[in-house]
Amino acid sequence: RAVDWSTTPLGPLERWPQSLKISVRIMLDSAFPMAVCWGRDYTLLYNDALRPWYGAKHPAALGRGFGDVFAEAWESLGPVFDRVMTHGQAYTTLTDQLFPLNRHGYLEECYFTPSYSPIPDDDGHVGGVFATGTDATERVIADRRRQVLHALALRTTEVRDEDEVWRVSADTLGEHRLTG
């Protein structure tokens, strides 16, 4: 809201297509995390609920191209955005997708269940992508931790002495070393 949009590829608000204005109004009125990526450079607009997903990249991400803001994820997301723009078909997955993101100055293991929908421009062509989803990172990592604890419990039930407990524990943790 405080961005001077005339300095972005979108230009001044009064020249925005009506469909972009409507999409932004829907997004801003929602408590769910949402973004609009408009035009061929996928200029970013997002609501307050999505700010944690951007981390330290907020507020500088507003008005910039998605591929510039999240270059680390663009190899996997770029083709999806391009398909939505080119074919005008939504893309939704109900599975958790891994997206390594650099939100706070280091690469994080993040999981999202995303949904991308085409937004028509005022001429009936696809003008942008409406993006939403859920952040599943905490749940995915907690599930992995539970699996490790379960494996530890199963493997240590028959252990007879402390040295064997440490060996079995080290072996089990070594098998699950990527679990955070």
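## Basis of the description

The structure is a predicted model in which local features need pLDDT of at least 70 and side-chain atom pairs count only at pLDDT 80 or more, while totals for chains, interfaces and linings use all residues. Residues are numbered from 1 along each chain as its sequence is written, and side-chain values use heavy atoms, with hydrogens and water left out.

## Strand pairing

Helices (H or I, at least four residues) and strands (E, at least two) are DSSP runs numbered from the N terminus. Two strands pair if DSSP finds at least two bridges between them. Strand β1 (residues 34-38) runs antiparallel to β2, and four bridges join them. These two strands form a hairpin with four residues between them, and G39 in the turn has a positive phi of about 80°. β1 also pairs with β6 in the antiparallel sense, over five bridges. A35 stands opposite Y46 in β2, and the bridge partner of A35 in β6 is A131.

β5 and β6 are antiparallel and joined by nine bridges. They too form a hairpin, here with five residues between the strands, and G124 in the turn has a positive phi of about 90°. F112 has D135 in β6 as its bridge partner.

A nonpolar core is a set of buried Ala, Val, Leu, Ile, Met, Phe, Trp, Tyr and Cys residues joined through side-chain atoms within 4.5 Å. The largest such core has 38 residues, and those with the most contacts inside it are L44, L45, Y54, F66 and Y116. Helix α4 (residues 71-87) supplies the largest share of this core, six residues. Leaving aside residues up to four places away in sequence, L45 is in contact (heavy atoms within 4.5 Å) with W5, L10, W16, L20, V24, M27, A35, V36 and L62.

## The largest cavity

On a 1 Å grid over the protein atoms alone, a cavity is a set of points where a 1.4 Å probe fits but cannot get out, and lining residues have an atom within 4 Å of a point. Grid points are joined across faces, edges and corners, and a volume is the space filled by probe spheres set on the points. The count comes to one cavity of 30 Å³ or more. The largest cavity holds about 280 Å³ of space. It is lined by 21 residues, of which W53, F66, L77, F112 and Y116 are the closest to its centre.

At least two lining residues come from each of β1, α2 (51-54), α4, β4 (97-102), β5 (107-120) and β6 (126-135). β5 gives the most, with four residues. By class, the lining has 18 nonpolar, three polar and no charged residues; Ala, Val, Leu, Ile, Met, Phe, Trp, Tyr, Cys and Pro count as nonpolar, Asp, Glu, Lys and Arg as charged, and the others, Gly among them, as polar.

G78 is found in helix α4 and is buried, with a relative accessible area of 2%. G78 and G67 are eleven residues apart in sequence, and their C-alpha atoms are 7.1 Å apart.

R167 is found in helix α6 (residues 162-175) and is partly exposed, with a relative accessible area of 45%. The C-alpha atoms of R167 and T156, eleven residues apart along the chain, are separated by 9.8 Å.

Conventions: Buried means under 20% relative accessible area, exposed over 50%, partly exposed in between (1.4 Å probe, protein chains only). On a 1 Å grid over the protein atoms alone, a cavity is a set of points where a 1.4 Å probe fits but cannot get out, and a pocket is an open set with protein on both sides within 12 Å along at least five of seven lines; lining residues have an atom within 4 Å of a point.
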